[in-house]
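Today I shall speak about aromatic rings and nonpolar cores in one protein model.

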Amino acid sequence: VFRPVKSNGRSLLVIPGGAYLFVSAGNEGVDVARRFTAKGYTVYVLVYRLPGEGWSDRADVPLADAQRAMRLIRSRAPAGEHVAAIGFSAGGHLAATLATDWDVTLAAPRDAIDRLEARPDAAGLIYPVITMAADRTNAPSRATLLGPQPSDELVARRSAERHVTGATPPVFLLHAIDDTTVPVDNSLMMLAAMRAAKRPVEAHIVQEGGHGFGTGFAGTPSGMWPELFDAWLTRRF
């Protein structure tokens, strides 16, 4: 947990990436927390279980941890405080999955916290993996999350663009066209799904930046997104 000197009344769950092989808690966790605590956010960086650690329900454990994190934040946040989620790369996939499947029951409630709502008030998706379709996804993320030979049903269940509904929270998207790790098509698919569902969405597609740039490169469009995301959240809340 990273706390600001003076709170702006908002909390932010930060979900680092790492292709579901590791958690990139530096540039997509701590660095992000520092930028946003300076703006008054209380920031929680999620270190989630990884699918390849031997869990029988490998495709569900990251989402279960994200749901629990949102509920835990809500149990501790002051009444009325808005809680948003933001994820990067595979963490963007997890944030998108949380935004679309926040109400999916993965296990029986263990305590009162598990009965709280897990829906984020908004979601930021930064160079995110969105789909698990083999021709458009990030192959390591798909293989680690779903296993080597996933069924069509499992691919569909973990393709976030297929689960956008009228209950999906507002979404902010950022992606670089020159990203060769996660194709920009992922963000475009999420943008199209949000528009089809008539849900609030904002997208910034930058020319350069590649992949994994975290808070971005100073003096370039990729480095402007923290201010854009903050301004977007300010307009929403």
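Twelve aromatic pairs are counted here, where rings of Phe, Tyr and Trp (its six-membered ring) pair if their centres lie within 6.5 Å; planes under 30 degrees apart count as stacked, over 60 as edge-to-face and the rest as tilted. The rings of phenylalanine 36 and tyrosine 41 are edge-to-face, because their centres are 5.5 Å apart and their planes stand at 80°. This is a predicted model: local features need pLDDT of at least 70, side-chain atom pairs count only at pLDDT 80 or more, and totals for chains, interfaces and linings use all residues. Residues are numbered from 1 along each chain as its sequence is written, and side-chain values use heavy atoms, with hydrogens and water left out.

Both phenylalanine 36 and tyrosine 41 are buried (under 20% relative accessible area; exposed is over 50%, partly exposed in between, with a 1.4 Å probe and protein chains only). Phenylalanine 213 and phenylalanine 217 form a tilted pair, since their ring centres are 6.3 Å apart and their planes at 50°. Phenylalanine 213 has 7% relative accessibility, so it counts as buried; phenylalanine 217, at 45%, counts as partly exposed. One aromatic cluster includes Phe36, Tyr41, Phe213 and Phe217.

What, then, of the largest nonpolar core? A nonpolar core is a set of buried Ala, Val, Leu, Ile, Met, Phe, Trp, Tyr and Cys residues joined through side-chain atoms within 4.5 Å. The largest has 41 residues, and Leu13, Tyr48, Leu98, Leu125 and Met190 have the most contacts inside it. Apart from this core lies another, of 22 residues, among them Phe172.
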